[in-house]
Amino acid sequence: MILQIVAAMAGTVAFSLLFGVPRKYYPWCGVIGGAGWAVYVPASHHWSAYAASFAATVVVIFLSRAAAVRNRCPSTIFLISGIFPIVPGAGIYWTVYYLVTEQLRQAVYTGYEAVKAAVAIVLGIVFVFELPQGIFRWAVKRKKAVKEP
Amino acid sequence: MEEEGKVEEKKEKEVMEVSLQAGHLLLENGAEISRVEETMERIRTHYGVCSGSAFVLSNGIFTTVGGGNESFFAKVEHIPVSGTHLDRVAAVNQLSREIEEGKYTVQEVARRLEEIKDMPGKTKLMQVLASGCGSAAFCCLFGGTAADSAVAFGAGVALYLYVLFVSGPHFSKIVANIGGGALVTILCSTMYGWGAGQHLNDMVIGSIMPLIPGVAFTNAIRDIANGDYISGFVRMLDALLIFFSIAIGMGVGFSVHGWLAGGIPL
């Protein structure tokens, strides 16, 4: 579990490098990606895969927005790489595998599961972006709060 | 009086050019539509051009100014999607904040934008290594062992070399991703056949990750949620196309490997 979270952090940082995230934000990206996975694994033990995807997405987007407010930069920077561990890459793989090996029933089932997980991610993104910006005021750096009485 | 009109006209043109350039940089490097529109508007209004407006699509910006006592200016710019450089998005964002604080003249903004445009990206070596590390990490994440991760690292490196030197400059998106999916699958299956790694599935899933269109997908959702349906659907189509191409590529990879090795080895 710990190893997996570390792997999620490493993977997220590697991908943020691919997307050209400024170097000073790598730690943030890593923590956000790790947090998403840290929520996903226990959640997927208790709930279905798509509920877990939803919960993990909500956490990732929420933290991304908070980090964006804190660092005064676009939230895209954090969320694009942070969302990667949750993307149903495994779902695509198994769907194709079952298709190629002519196990159509399994293929349809896993494909359907992957689509459900993707929809859960979409809903997570949409809902958390509806939250008003004011919620994230706690994340603002102290210095700025002094400047704006 | 006429002299003053000329100066005004020149200034409006400069402001519009600058705002267009800022929008161009944002759109090209993976920002959402609403951010592009907002930034362009901020720059215009800060420099006192009130009649301007911009229409932003996923691959183009149309902008005009004119009417009242402002002179007319219109420009259309086609912006092909070239790849994601979020550092440039962040830099333009920072610049637009600083403009609002009144730190720059229009000429200075133009110069800063040129600098941002020429910001060095990550070197190819770094990208290739990052792809390898990412693949290995995701392989481990999905339950692969250390040996699996090592194979995934190799496949991730090979995949990104292919992306940078073969598919990027020469192929269309569909062919590029089918090729990438097939390459990874064949590579991993072959290594697996030679006895490297224990879980073929984790290796393939991990090393396919650098191809997954995460930027297109997330931006598509955000654009649609913001009501920018045209751009949102274009980007969603882009993401789905890549997903399907990867899937087809993996299918092709399995089939080719199965055909070479006689039966699918799983």
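Predicted model: local features only at pLDDT ≥ 70, side-chain atom pairs only at ≥ 80, totals over all residues.
Colleague: Why is the ring pair A:Phe19 and A:Phe84 called tilted?

Modeller: The ring centres are 5.8 Å apart, and the cut-off for a pair is 6.5 Å. The planes sit at 35°; stacked needs under 30 degrees and edge-to-face over 60. The structure holds 17 aromatic pairs over all chains.

Colleague: What makes you say that A:Phe19 and A:Phe84 tie parts together?

Modeller: Look at where they sit. A:Phe19 is in the loop between α1 (2-18) and α2 (26-46) of chain A, while A:Phe84 is in the loop between α4 (76-82) and α5 (89-100) of that chain. Those parts are 65 residues apart in sequence, so the pair ties them together. Both A:Phe19 and A:Phe84 are buried, too.

Colleague: Which residues do ring pairs link into a cluster?

Modeller: From chain A you get A:Phe15, A:Phe19, A:Trp37, A:Tyr40 and A:Phe84, and from chain B there are B:Phe138 and B:Phe142.

Colleague: How do you know that B:Arg222 lies over the face of A:Phe129?

Modeller: B:Arg222 is 3.8 Å from the ring centre, against a limit of 6 Å. The rule also wants the charge within 35 degrees of the ring normal, and B:Arg222 is listed as lying over the face.

Colleague: B:Arg222 also forms a salt bridge with B:Glu32; what is the distance between the closest N and O atoms?

Modeller: They are 3.1 Å apart, and the cut-off is 4 Å, so this pair counts as a salt bridge. B:Glu32 lies in the loop between α1 (2-28) and α2 (33-46) of chain B and B:Arg222 in helix α9 (residues 214-225), so the bridge ties together parts 190 residues apart in sequence.

Colleague: Why is B:Glu32 called buried?

Modeller: Buried means under 20% relative accessible area. B:Glu32 has 2% and B:Arg222 has 10%, so both count as buried.

Colleague: What makes B:Arg235 and B:Asp223 a salt bridge?

Modeller: Their N to O distance is 2.7 Å, within the 4 Å limit. B:Arg235 is in helix α10 (residues 229-261) and B:Asp223 in helix α9 of chain B, twelve residues apart. B:Arg235 is buried at 10%, and B:Asp223 is buried at 0%.

Colleague: How much area is buried between chain A and chain B?

Modeller: About 4100 Å², with 78% of that from carbon and sulfur atoms. In chain A, the residues that lose the most area to chain B are A:Leu18, A:Arg72 and A:Tyr93, together 16% of what that side buries. The contact takes 42 residues from chain A and 48 from chain B.

Conventions: Residues numbered from 1 in each chain as written. Chains lettered and ligands numbered in written order. Heavy atoms only, no water. Phe/Tyr/Trp six-rings, centres within 6.5 Å; stacked < 30°, edge-to-face > 60°. Helix = DSSP H or I, 4+ residues; strand = E, 2+ residues; numbered from the N terminus. Buried < 20%, exposed > 50% of the residue type's maximum accessible area, 1.4 Å probe, protein only. Contact = heavy atoms within 4.5 Å. Buried area = accessible area lost by both parts, 1.4 Å probe. Salt bridge = Lys/Arg side-chain N within 4 Å of Asp/Glu carboxyl O.
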